[in-house]
Amino acid sequence: MWIGAGILMFIFWLMAMSSWLGFLGTILAFVLSPGLVIFPIIFWIVDGVFPAFYFIVWGVGMVGLIIGGISSGDE
């Protein structure tokens, strides 16, 4: 679950950067890592829409990480 959430968050980051900056944004999306706190705030300011999907996917990823940690036990 957390790997899938990470991939979805990267796709969200890639789409936002390419929408804002075009081809340069696509290149920068691969070079720069999205800030966990800064990116949603910038997205909210630039697009004027609260990134609820971003936080939902982030929450699912955290739940998946917790489930994976608990299920691995003492291997």
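This is a predicted model: local features need pLDDT of at least 70, side-chain atom pairs count only at pLDDT 80 or more; totals for chains, interfaces and linings use all residues.
Reader: What makes Phe 12 count as buried?

Author: Its number settles that one. Buried means under 20% relative accessible area, and Phe 12 comes in at 15%, so it counts as buried. Phe 12 belongs to helix α1.

Reader: Which residues does Phe 12 touch, leaving out those up to four places away in sequence?

Author: Phe 39, Phe 43, Pro 51, Phe 53 and Tyr 54. Take Pro 51: it sits 39 residues from Phe 12 along the chain, with 9.9 Å between their C-alpha atoms.

Reader: How do you know that the buried residues of α3 are on the same side?

Author: Start with who they are: Phe 39, Pro 40 and Phe 43. They cover an arc of only 95 degrees around the axis, and therefore they lie on the same side of α3. There's a general point behind this: an α-helix has 3.6 residues a turn, so residues three or four places apart point the same way. On the other side of α3, Ile 38 and Ile 45 are exposed.

Reader: What covers the buried residues of α3?

Author: The cover includes α1 and α4. As for what follows α3, that's Gly 48, with a positive phi near 75 degrees.

Reader: Which residues make up the largest nonpolar core?

Author: Eleven residues in all, among them Phe 12, Trp 13, Phe 39, Phe 43 and Tyr 54. The elements giving two or more residues to this core are α1 (2-21), α3 (38-47) and α4 (52-72). Of these, α1 gives the most, with six residues.

Reader: And what makes the surface set with Trp 44 in it a nonpolar patch?

Author: Residues of a patch need over 30% relative accessible area. Nonpolar side chains are joined within 5 Å, and the resulting patch includes Trp 2, Ile 3, Trp 44, Phe 55 and Trp 58. Together the members of the patch have about 1100 Å² of accessible area.

Reader: Which helix gives the most to the nonpolar patch?

Author: α1 does, with five residues. Both α1 and α4 supply at least two.

Notes. Residues are numbered from 1 along each chain as its sequence is written. Side-chain values use heavy atoms; hydrogens and water are left out. A nonpolar core is a set of buried Ala, Val, Leu, Ile, Met, Phe, Trp, Tyr and Cys residues joined through side-chain atoms within 4.5 Å. Buried means under 20% relative accessible area, exposed over 50%, partly exposed in between (1.4 Å probe, protein chains only). Helices (H or I, at least four residues) and strands (E, at least two) are DSSP runs, numbered from the N terminus. Patches are made of residues with over 30% relative accessible area and no salt bridge: like charges are joined within 9 Å, nonpolar side chains (Val, Leu, Ile, Met, Phe, Trp, Tyr) within 5 Å. Accessible areas come from the Shrake-Rupley method with a 1.4 Å probe; for residues, only the protein chains shown count as cover. A salt bridge is a side-chain nitrogen of Lys or Arg within 4 Å of a carboxyl oxygen of Asp or Glu. The arc is that of the directions from the helix axis to the C-beta atoms. Contact means heavy atoms within 4.5 Å.
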